[in-house]
Amino acid sequence: MTAETLFYIIVAILIINFTKDKILNAINAKHFNDSIPRELSDVYDKNEYIKSQAYKATNYRFGIWSSLFSLVLTLAFLFLDGFEYVDNIAHSYSDNPIIIGLIFFGIIMIGSDIITTPFAYYKTFVIEEKFGFNKTTKKTFVLDKLKGLLMMVILGGGIIALIIWFYQATGNQFWLFAWGIVTVFTIFMNMFYSRLVVPLFNKQTPLEDGELRNKISSYAESVGFNLEKIFIIDGSKRSTKANAYFSGFGSEKRVTLYDTLVNDLDDEEIVAVLAHEVGHYKKKHIIFNLVTSILITGITLYILSVFISNPLLSNAVGVETASFHVGLIAFGLLYSPISELTGLVMNHVSRVFEYQADNYAKKTYKSGPMISALKKLSKNSLSNLTPHRAYVYVHYSHPTLLDRVKNLKSSKKTN
Ligand SMILES: [Zn+2]
């Protein structure tokens, strides 16, 4: 194996992945105008349906241009020895591998952030605006960017620095220490995400006493679930789209509802959505996802440790002086087909979990309000009612609305 072969393998991976995505998107787009299944005939009225068709088409076109742009840019960067250029800059400031690594990733991250920002801006202020979803002000957009960048510098920089340091200190054993620190960080973030990160971006207020709270409490009691911490988040600050999620575990577990969700749904529908979230918790999906992601991280870091000291990795992306940080970039590119595969498996598992959570809501509460909640949420986000199977298989972490409605309506025994 020569560095040149490896370089062309990386180029092939990038092009094949891009082509695969474009084919899937095109297949999916061909079915945008399929007739709506009978079960979903009440989701949209005529005007909303026309609007949803336009929304799908607009996003499809935007996806083609933005991904083509990023492919061309990545290839140009590779062919013009961009990594070598950035690595030289980093070397000109320091001899310390940690500092060099931080400057190297800093330039690449900030550079790619600057390049992708116009696309994010267009998506928010042109597309989402046109279809009435956008509530983000320019000020919020800029502040979000800055806060996100600051978090990336502190957390990302901290983790990168530690990993390079472990590599300096322990050689190929570094993966065990890196795995340990990433695991601690993942668990910590899972526990305290709502308490530490969310407040930087949103306001959260406890759900106030009243009819809704009583209904939720009496449901929670009926399934023996301690649901003290229910928070309303000001999602309407950015978009009219609604959501709800569960986070943390043990004494830190809490449910967060978007204010948009509380406005769009009636009380029974909100309780049904909460029952679904409780289902995720009771069926141990949260713990499963956490443990699986920790295991996958461990395996990936181990494989990284096998290859990282080989200078071919750095040479493959055009860098003469082999180093850990450049090797990491090359490894990331070469490893992407495997992460695509693990992504497929995780999406499949996630869809199975969604059915289980829906079934839990059906069994412990009611299926009617769950169905109408799902329909309202789909309508309010103008979602695609006729996605293609292949597209769903690859990209959907949730079953389609049609599949979920059919499952909720079916009388077959569930567990
Ligand atoms: Zn779910």
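Start with helices H2 and H4, which in this predicted model are roughly antiparallel to each other. Select residues 46-79 for H2 and 97-130 for H4: their axes cross at roughly 175 degrees and come within 11 Å. Since angles over 145 degrees count as roughly antiparallel, the pair is therefore placed in that class.

Next, show the side chains at the contact. H2 contributes Tyr55, Thr58, Asn59, Phe62, Ser66, Phe69 and Leu73. From H4, pick Ile115, Phe119, Tyr122, Lys123, Ile127 and Glu128. Coloured by type, the residues of this contact comprise 8 nonpolar, 3 polar and 2 charged.

Most residues other than glycine have a negative phi. Asp81 is partly exposed, with a relative accessible area of 37%.

To find Lys284, go to the loop between helix H10 (267-282) and helix H11 (285-307). Lys284 counts as exposed, at 56% relative accessibility.

Finally, select Ser239, in the loop between strand E2 (230-233) and strand E3 (244-247). Is Ser239 buried or exposed? With a relative accessible area of 17%, Ser239 is buried. A polar atom of the Ser239 side chain lies 3.0 Å from the backbone nitrogen of Lys241. Beyond its neighbours within four places in sequence, Ser239 is in contact with Phe133, Lys135 and Thr260.

Methods:
Residues are numbered from 1 along each chain as its sequence is written. This is a predicted model: local features need pLDDT of at least 70, side-chain atom pairs count only at pLDDT 80 or more; totals for chains, interfaces and linings use all residues. Side-chain values use heavy atoms; hydrogens and water are left out. Axes are lines fitted to C-alpha atoms, for helices over the stretch in contact, and angles run from 0 to 180 degrees between N-to-C directions. Helices (H or I, at least four residues) and strands (E, at least two) are DSSP runs, numbered from the N terminus. Angles under 35 degrees count as roughly parallel, over 145 as roughly antiparallel, 65 to 115 as roughly perpendicular and the rest as oblique. Contact means heavy atoms within 4.5 Å. Ala, Val, Leu, Ile, Met, Phe, Trp, Tyr, Cys and Pro count as nonpolar, Asp, Glu, Lys and Arg as charged, and the others, Gly among them, as polar. Buried means under 20% relative accessible area, exposed over 50%, partly exposed in between (1.4 Å probe, protein chains only). A polar contact is a pair of N or O atoms within 3.5 Å; within protein, one must be able to donate a hydrogen and the other to accept it, and residues adjacent in sequence count only if both atoms are side-chain atoms.
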